[in-house]
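Thank you all for coming. I would like to go through one model with you this morning, beginning with a helix and then moving on to its rings and a few backbone angles.

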Amino acid sequence: FAAGCASPGTKSTADNRIYEMRVYYAAEGKIDALHARFRDHTMRLFEKYGIQNVGYWVPVNNTENKLVFLLAYPSRAARDIAWQGFVSDPEWKKVQAESEANGKLVLKVEQTFLHATDYSPALRTGDVSGGGVYELRTYITRPGYLSNLEDRFRKHTMKFFEKYGMNNWMYFHMSREQSGAATTLIYFLTHRSPEAARQSFEAFRKDPRWIKAKASTEVDGPLTIPDGITSELLVPTDYSPSR
């Protein structure tokens with residue numbers, strides 16, 4: 001395995017934190033100003049209130065002016081207290097007002113609350129991708145089949161990913177109160193490059209042992225719904241704690 005990477009499916013200690021994945025859609029022409037606000041102000045203010053900056057990324061093909069980022073907190077209650085402090089902070093209010101003097105920077109926000117799975121590698125920050133890219137993958141299963149899918153990842157898939165040069169970074173469940181939580185798996189891989197990602201998946205899908213393992217778990221049909229797998233390649237920003 002790559003240096004600094006945990007073996008697939010192992011964790012050093014139980015990760016009981018709550019994670020929040022946020023996606024910001026910047027107004028036209030405002031993405032650089034949004035980056036500057038995070039780089040120069042927002043991240044520091046997050047940390048002031050106990051919000052851990054885990055990672056910040058933009059899509060390889062950023063046609064929607066997106067910023068994807070991941071935060072962590074000790075608990076959901078701690079999260080709510082931290083955000084109340086952050087949004088009420090006089091410095092943040094001043095920074096926000098000054099940065100939006102010519103219009104809002106963010107047009108739309110999406111948020112998802114997440115918990116690390118029991119088979120997710122322990123969180124690693126720093127130079128995780130070795131100058132490469134991250135891949136955010138979301139699987140939607142048929143009702144009642146999420147545990148089957150996770151069992152396959154735990155026993156087979158993660159090891160095959162590593163075999164073909166894909167590093168398992170983090171695996172998540174959605175918090176139970178959210179729509180789709182009972183059928184959704186969200187995870188991140190890292191690759192040396194977009195081309196390496198394509199080549200790795202091609203080789204992975206052709207592996208006879210993987211084909212056999214996959215077939216053995218799908219005697220009742222595919223575990224995911226039609227078009228239930230989505231993928232997006234992401235590039236770490238220059239200020240991301242996870243690169």
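This is a predicted model: local features need pLDDT of at least 70, side-chain atom pairs count only at pLDDT 80 or more; totals for chains, interfaces and linings use all residues.

In helix α5, the residues A196, A197, S200, F201 and F204 are buried, where buried means under 20% relative accessible area, exposed over 50% and partly exposed in between, with a 1.4 Å probe and protein chains only. They cover an arc of only 130° around the axis, taken from the directions from the helix axis to the C-beta atoms, and this puts them on the same side of α5. Helices here are DSSP runs of H or I with at least four residues, strands are runs of E with at least two, and both are numbered from the N terminus.

Residues are numbered from 1 along each chain as its sequence is written, and side-chain values use heavy atoms, with hydrogens and water left out.

What do the buried residues of α5 pack against? Their partners are β5 (133-141), α4 (146-163), β7 (184-191), α6 (208-216) and β8 (224-236), with contact meaning heavy atoms within 4.5 Å.

Turning to the rings, the structure holds 31 aromatic pairs; rings of Phe, Tyr and Trp (its six-membered ring) pair if their centres lie within 6.5 Å, and planes under 30 degrees apart count as stacked, over 60 as edge-to-face and the rest as tilted. The ring centres of F160 and W210 are 6.0 Å apart and their planes are at 65°, so this pair is edge-to-face. Because F160 belongs to helix α4 and W210 to helix α6, the pair ties together parts that are 50 residues apart in sequence. F160 and W210 are both buried, and ring pairs link them into a cluster whose members include F201 and F204.

Two charges also sit over rings, by which I mean NZ of Lys or CZ of Arg within 6 Å of the ring centre and within 35 degrees of the ring normal. R76 has its charged end over the ring of F113, 3.8 Å from the centre, while K108 lies over the face of Y25 at 4.5 Å.

Finally, the backbone: N65, although not a glycine, has a positive phi of about 55°, and it is found in the loop between β2 (52-59) and β3 (66-73). D227, in strand β8, likewise has a positive phi, near 60°. N65 counts as buried at 16% relative accessibility, whereas D227, at 78%, counts as exposed.
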